[in-house]
Amino acid sequence: MQFATLTTGQVPGVPTLDELRGLKPLQQPEWPDQDVLDQVISELRTLPPLVFAGECDDLTTKIGAVARGEAFILQGGDCAETFAGVTAENIRAKLRVLLQMSVVLQYAASVPVVKIGRIAGQYAKPRSSGEETRDGVTLPSYRGDAVNGFDFTPEARIPDPNRLRGVYNAAAATLNLTRAFTTGGYADLHQVHAWNTDFVKSSPVGQKYERLASEIERALAFMRACGATSDEFRTVDFYASHEALILEYEHAMTRIDSRTEQPYDVSGHLLWVGERTRQLDGAHVEFLASLSNPLGVKIGPTTTPEYIRALIDKLNPKGVEGRLTFITRMGAGKIREALPPLLEAVRDHGSPIAWVCDPMHGNTYETPNGYKTRNFDDVMDEVQGFFDAHQQVGTWPGGVHMELTGDDVTECLGGGEELVAEDLVNRYETACDPRLNRHQSLELAFLVAERLRGAQA
């Protein structure tokens, strides 16, 4: 598979950077040195693709099955990746928990699971405020390692275009190791017990997982005895996704596929536009509309049926199955009322849309001791509300989109460990928003599996 190297920035069929800038894109860094930025962009345009068009097309096909009610999406990873987090252990831990969750869903609910990571590109974050104040000192907000540094110093918070090179290098290293894990034996279904480390074995949800893993092991042994073996038990298809936020980086990573002569953003397989940047006449939607990648759009509780139909017409005018996924982020208290009218509008529109629930972003609050957190009960309730809404309308609940980690962090309250606000001081490690830890992620997977069985009935 070949891509044209585009050094001029003129990508056929894609708006130029100047045209996108003319639309006044939101949530963009104020780069201090245009010459340095131009140099970095020119360099990125010459670098090899991080993903391939054929892989993007394969994911579109798989999401098409989700839109038809024949598969389920599991999408998860860090709120904001960091350059320092690009280690073998961190990548393995994230992949491990996603593999465990997918096994729970596939085996307990008997549904194919499309595995997508918030990985290898989630280095930039939109912020509700451009500034942050601590102890009377005000500095620019941290916008992710793609833009500036986490340390609360004037020097660290200056946007640096050279960090975009770091995004490419970190994403390349992450994808390289992820592919090694998913094709080199680590993702083998025969490893279901090996994925369960001691700290999970000691928890109730870990013990529940162990019982399921034993059932899978017996089933695999039976199939081997019958002479039935398959490479599909030994490897998995795993895809990378991120929010396409920093337009200079995403535009520089756009190439023309020589097979189809169509443009693809080769920084990731699936790209999404966030709640803050999905204006119909905005730069982000205009850019994504020109790509051939599968796309996602975050949908909040104020979204109207008229607006969502207009989004479909803009981003998927040809009605391609798997092209467009709506990722709902309503909040536990709003989803049962806000989601059904949107489901009905899309159903009546007739476009094949996949629906995914993000139960994280609508349930964030700050504790009295100053930590941004989420309550696991709220997360679970929003997932329940997502399934309730689809059951009411008669549509397919197509997936979940989680901010999670494979580590034993203390960032979200509740769950089987019954974490409380005082526990947050122990291992609060996120660079931005709180993530589910491994215990909580597995708990959620078992809940989703139960609801999926009901949705198939």
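## A serine in helix α4

The backbone oxygen of L99 and a polar atom of the S102 side chain lie 2.8 Å apart in this model, which is predicted. S102 belongs to helix α4, which spans residues 88-109.

With a relative accessible area of 4%, S102 falls under the 20% cut-off and is therefore buried. Leaving aside neighbours within four places in sequence, S102 is in contact with L74, V113 and K115.

Strand β10 covers residues 295-299, and five of its five residues are buried, so the strand is largely enclosed by the rest of the structure. In a regular strand, side chains alternate between the two faces of the sheet. Both faces of β10 are covered: buried residues L295, V297 and I299 lie on one side, while G296 and K298, also buried, lie on the other.

## The neighbouring strands

β10 pairs with β9 and with β11. Strand β9 (residues 270-273) runs parallel to β10 and is joined to it by three bridges; V273 has V297 of β10 as its bridge partner. Strand β11 (residues 324-328) is likewise parallel to β10, and five bridges link the two. Here G296 stands opposite T325 of β11.

Helix α9 (residues 283-289) forms a right-handed β-α-β unit with β9 and β10. Helix α10 (residues 305-315) forms a right-handed β-α-β unit with β10 and β11.

In soluble globular proteins, nonpolar side chains tend to be buried together. The largest nonpolar core in this model has 129 residues, and F326 and W355 are the members that touch the most others. Helix α4 supplies the largest share of this core, with eleven residues. Apart from this core lies another, of five residues, including C79, Y142, A431 and C432.

Which residues does F326 touch, not counting those up to four places away in sequence? They are V297, I299, I308, L311, I312, V346, I353, A354, W355 and V356. Among these contacts of F326, V297 and I299 lie on one side of β10.

Methods:
Residues are numbered from 1 along each chain as its sequence is written. This is a predicted model: local features need pLDDT of at least 70, side-chain atom pairs count only at pLDDT 80 or more; totals for chains, interfaces and linings use all residues. Side-chain values use heavy atoms; hydrogens and water are left out. Helices (H or I, at least four residues) and strands (E, at least two) are DSSP runs, numbered from the N terminus. Buried means under 20% relative accessible area, exposed over 50%, partly exposed in between (1.4 Å probe, protein chains only). A polar contact is a pair of N or O atoms within 3.5 Å; within protein, one must be able to donate a hydrogen and the other to accept it, and residues adjacent in sequence count only if both atoms are side-chain atoms. Contact means heavy atoms within 4.5 Å. Two strands pair if DSSP finds at least two bridges between them. A crossover is right-handed if, with the strands pointing away from the viewer, the path from the first strand over the helix to the second runs clockwise. A nonpolar core is a set of buried Ala, Val, Leu, Ile, Met, Phe, Trp, Tyr and Cys residues joined through side-chain atoms within 4.5 Å.
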